[in-house]
Amino acid sequence: MWSVNDSETGPHEFSAAFCVRSSLSFLGLLVAALLVSAAPGRAQNSDSNSANQNQSWTSTSEDHDSSLGSSTRTSESHTKSGNSTVDKKTVEILRSGSYQSYQETERETTQVDASTTRTTLRTYGRDSNGNRILTQVTDEEKHDSPGGGSNVTRTTSNPDANGRLAVVQRQVEDTAKVGANAEVTKTTTYLPGGNGGLVPSMEVQERREKIDDHTTKFQKSTMLSDGNGNWQVGERKDGTITDDGKNRAIEERVERQDGSGNLSEVSRTVSRESREAAGQSQSVVETYSKEVPGGSADGTMHLVQRVIASRNSANGAETTRQQVEQVNPGNPSDGLQVTVGSTGSEQSTAGGTSATNTVETRDADGRLRVVSVDMTKSDKAPAVQVQIAPGNQSTSSRK
């Protein structure tokens with residue numbers, strides 16, 4: 001599925017998508033950051049002695065959230081055998097002085113042949129007696145075509161009252177090349193209908209076209225069913241990505257239906273990133289909206305959020321900084337103020353990774369205070385960059 005952050009990775013790309021989608025409130029920041037579960041972990045100990053860390057690894061992490069007074073522990077493992085990999089994750093919550101299991105996931109991926117991949121994701125919870133119960137299963141099968149396209153069918157099932165799995169959602173995603181420089185993806189979501197079968201409820205059409213060596217244009221339309229077999233565009237995003245290898249810019253406009261059923265622009269995001277050969281990068285993402293927290297709409301665009309991030313990598317070490325500036329709903333005319341900030345560092349060695357992350361948020365008195373300091377050790381040699389997202393009171397780990 002094409003989107004703004006589908007191409008080369010970078011901290012600003014998450015921020016760009018995050019700025020557009022968030023509600024521009026602290027809760028929006030927190031939820032978006034939790035979804036990112038991306039930065040290298042928070043583990044306190046590691047228990048794997050695998051000879052090949054690209055084949056198997058384990059990591060145990062602990063997060064302490066001083067603002068909410070809660071602690072969680074996350075254990076993750078990755079095992080590869082032949083054409084299959086199994087990833088397990090267990091989240092525990094500290095209750096009454098001991099950690100108790102909250103949620104478990106198991107993802108099994110099998111490369112059936114050169115063009116077919118099957119993935120099954122099982123999610124487990126706990127019942128009132130503390131017993132593990134299956135809460136959801138998602139099966140996915142992907143077929144790649146010789147022409148560069150693909151077909152993905154993703155089926156989600158939940159157990160009914162008798163414990164039998166029943167399909168609650170199916171997505172069919174078709175991607176096809178359109179000419180030499182364009183690609184189109186159509187994703188249709190099916191939900192249970194009144195007669196017990198699945199009926200189409202939403203369709204997303206995305207088009208991405210390479211204009212020249214440095215410029216790509218994209219458009220994404222989200223359409224909803226009117227119940228009579230017709231589609232109505234509820235939201236449309238379009239924008240341009242320019243990248244010359246050193247500087248990268250993304251501009252995205254979002255339009256939604258207004259009260260008259262017409263599409264009108266509701267937000268705009270402008271992202272700028274500069275990258276240096278020495279492993280340094282800086283980015284600024286600004287979001288403009290017609291809706292200003294605490295203010296009244298006047299039909300014009302206003303700057304409501306700015307995310308500033310930097311990254312410095314050298315000699316197996318990496319440091320990151322990020323801050324979020326937002327409009328104060330109590331005094332929207334005062335402009336932007338820093339609401340969340342984070343600093344992180346990561347050190348990579350042949351034996352794995354170690355990292356620290358510090359998050360600050362603005363308190364009721366207007367002062368920034370530290371709400372989380374996390375330390376990590378993992379036996380997995382990292383293959384990804386740190387992407388620390390402020391707003392999360394306790395960071396997560398990408399494995």
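Rings of Phe, Tyr and Trp (the six-membered ring of the latter) are paired if their centres lie within 6.5 Å. By this rule, the count of aromatic pairs is 0. The model under discussion is predicted. An aromatic ring does take part in another arrangement: the charged end of Arg132 sits over the ring of Tyr124, at 3.8 Å from its centre.

**Overall composition**

The protein contains 2 helices and 21 strands. Of its 399 residues, 39% are buried. Among contacts with a separation of 6 or more, 38% are between residues 24 or more positions apart. The accessible surface amounts to about 20400 Å², and carbon and sulfur atoms contribute 46% of this area.

**Strands β4, β5 and β6**

Strand β5 (residues 98–113) pairs with β4 (residues 84–95) and also with β6 (residues 116–126).

| Strand pair | Direction | Bridges |
|---|---|---|
| β4 and β5 | antiparallel | 12 bridges |
| β5 and β6 | antiparallel | 9 bridges |

β4 and β5 form a hairpin with 2 residues between them, and Ser96 in the turn has a positive phi of about 55°. Asp87 stands opposite Arg107 in β5. The hairpin that joins β5 to β6 likewise passes through 2 residues, and Thr105 stands opposite Thr123 in β6.

**Thr215**

Thr215 belongs to strand β12, which spans residues 215–225. Is Thr215 buried or exposed? Thr215 is buried, because its relative accessible area of 17% falls under the 20% limit. Beyond its neighbours within four places in sequence, Thr215 is in contact with Glu209, Lys210, Thr240, Ile241 and Thr242.

How values were computed:
Residues are numbered from 1 along each chain as its sequence is written. This is a predicted model: local features need pLDDT of at least 70, side-chain atom pairs count only at pLDDT 80 or more; totals for chains, interfaces and linings use all residues. Side-chain values use heavy atoms; hydrogens and water are left out. Helices (H or I, at least four residues) and strands (E, at least two) are DSSP runs, numbered from the N terminus. Buried means under 20% relative accessible area, exposed over 50%, partly exposed in between (1.4 Å probe, protein chains only). Contact means heavy atoms within 4.5 Å. Accessible areas come from the Shrake-Rupley method with a 1.4 Å probe; for residues, only the protein chains shown count as cover. Rings of Phe, Tyr and Trp (its six-membered ring) pair if their centres lie within 6.5 Å; planes under 30 degrees apart count as stacked, over 60 as edge-to-face and the rest as tilted. A charge sits over a ring if NZ of Lys or CZ of Arg is within 6 Å of the ring centre and within 35 degrees of the ring normal. Two strands pair if DSSP finds at least two bridges between them.
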